[in-house]
Amino acid sequence: MDTIEISNLNRQFLFRLQDVGKSKAQVAAKRVMERVSGVNITPHFCRIEDKEINFYNDFNIIVLGLDSIEARSYINSVACSFLEFDSEDNPIPETIKPMVDGGTEGFKGHARVILPGMTPCFECTIWLFPPQVKYPLCTLAETPRTPAHCIEYAHLIKWSEVHSGKEFDPDDPEHMQWVYTLALKRAELFGIAGVTYSLTQVFEFSILIQSLILSVFSNSRFALDIYPST
Ligand SMILES: [Zn+2]
């Protein structure tokens, strides 16, 4: 149910400037079909929860390109609901709906296959989501050794010192430039190579994702919708 925003353009290869405001699902389907002959895609511009449960039963396999825990949990429960067992409590193969789940966070990514009834499902392994990576504040403030230390120093310590009350917005190029410039100065001061604008962006998004995942676990209020999929 998501539309293309200008801030989406720099991190994908399906959308163009003239697509801003249009449905992500529809434009993505059109672009892929233009590029790969013989592929037929039917886009659905709606929330995944708006489809009847049986809609999902018509597919042989479900591939998740989702970015929120809430959406993954939902599809997981749908896929698991199709599972039936025989009289000896063994899963009936035709009722197993395979799911392939993938995602990225910073430089890391994962892909895994979930076979309901045979492998742990998404809910069984929800604790696998990584804990927030935190550097001791003293390392950031006194003895930075890596580009990440410099970027986190600029963001976590200096941003709030200088911009009292103003929230950092990773989609705002001026904010990003501010953190990058400061991180670079700090890196030069300590002789650390490797702080670039794109690395700063990666770290900022990684910090954002981590804090959102934590907010989901600590508040039980599902507010995670980072790059919402349709
Ligand atoms: Zn499970």
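Me: Before anything else, what counts as a helix or a strand here?
Reply: Helices (H or I, at least four residues) and strands (E, at least two) are DSSP runs, numbered from the N terminus.

Me: And what am I looking at, and how are residues numbered?
Reply: This is a predicted model, in which local features need pLDDT of at least 70, side-chain atom pairs count only at pLDDT 80 or more, and totals for chains, interfaces and linings use all residues. Residues are numbered from 1 along each chain as its sequence is written.

Me: How many helices and strands are in the chain?
Reply: The chain has seven helices and three strands. Starting at the N terminus, the order is α-α-β-α-β-β-α-α-α-α.

Me: What share of the chain is buried?
Reply: Of its 230 residues, 18% count as buried. A residue is buried if 20 or more other C-beta atoms lie within 10 Å of its own, exposed if 12 or fewer, and partly exposed in between, with C-beta atoms placed from the backbone.

Me: OK, α6. How many residues does it have, and how far does it reach?
Reply: Helix α6 covers residues 173-189, which is 17 residues, and reaches 24 Å from its first C-alpha to its last. That is close to the 24 Å expected at 1.5 Å a residue, where the expected span is 1.5 Å times one less than the number of residues.

Me: Which of its residues are buried?
Reply: In α6 the buried residues are Val179, Tyr180, Leu182, Ala183, Arg186 and Ala187.

Me: Why would residues three or four places apart point the same way?
Reply: An α-helix has 3.6 residues a turn, so residues at that spacing point the same way.

Me: What comes just after α6?
Reply: Gly191 follows, with a positive phi of about 65°.

Me: Which non-glycine has a positive phi?
Reply: Asp89 does, at about 70°. Most residues other than glycine have a negative phi. Asp89 sits in the loop between α3 (69-81) and β2 (99-105), and is exposed because it has 7 other C-beta atoms within 10 Å.

Me: Back to α6. At what angle do the axes of α5 and α6 cross?
Reply: The axes of α5 (residues 147-162) and α6 cross at roughly 125° and come within 8 Å. That makes α5 oblique to α6: under 35 degrees counts as roughly parallel, over 145 as roughly antiparallel, 65 to 115 as roughly perpendicular, and the rest as oblique. Axes are lines fitted to C-alpha atoms, for helices over the stretch in contact, and angles run from 0 to 180 degrees between N-to-C directions.

Me: Which residues of α5 and α6 meet there?
Reply: From α5, the list includes Cys150, Ile151 and Trp159, and from α6 it includes Val179, Leu182 and Ala183. Two residues are in contact if their C-beta atoms, placed from the backbone, lie within 7 Å.

Me: New topic: where does UniProt place the "active site"?
Reply: The UniProt record, an unreviewed entry, places it at Cys138. Such annotations may be inferred rather than shown by experiment, feature names are shortened, and positions are given in the numbering used here. Cys138 lies in helix α4 (residues 137-142).

Me: Is Cys138 buried or exposed?
Reply: Cys138 is exposed, with 8 other C-beta atoms within 10 Å.

Me: And Arg72, buried or exposed?
Reply: Arg72, in helix α3, counts as buried because it has 20 C-beta neighbours inside 10 Å. Not counting residues up to four places away in sequence, Arg72 touches Leu64, Leu66, Asp101 and Phe122.
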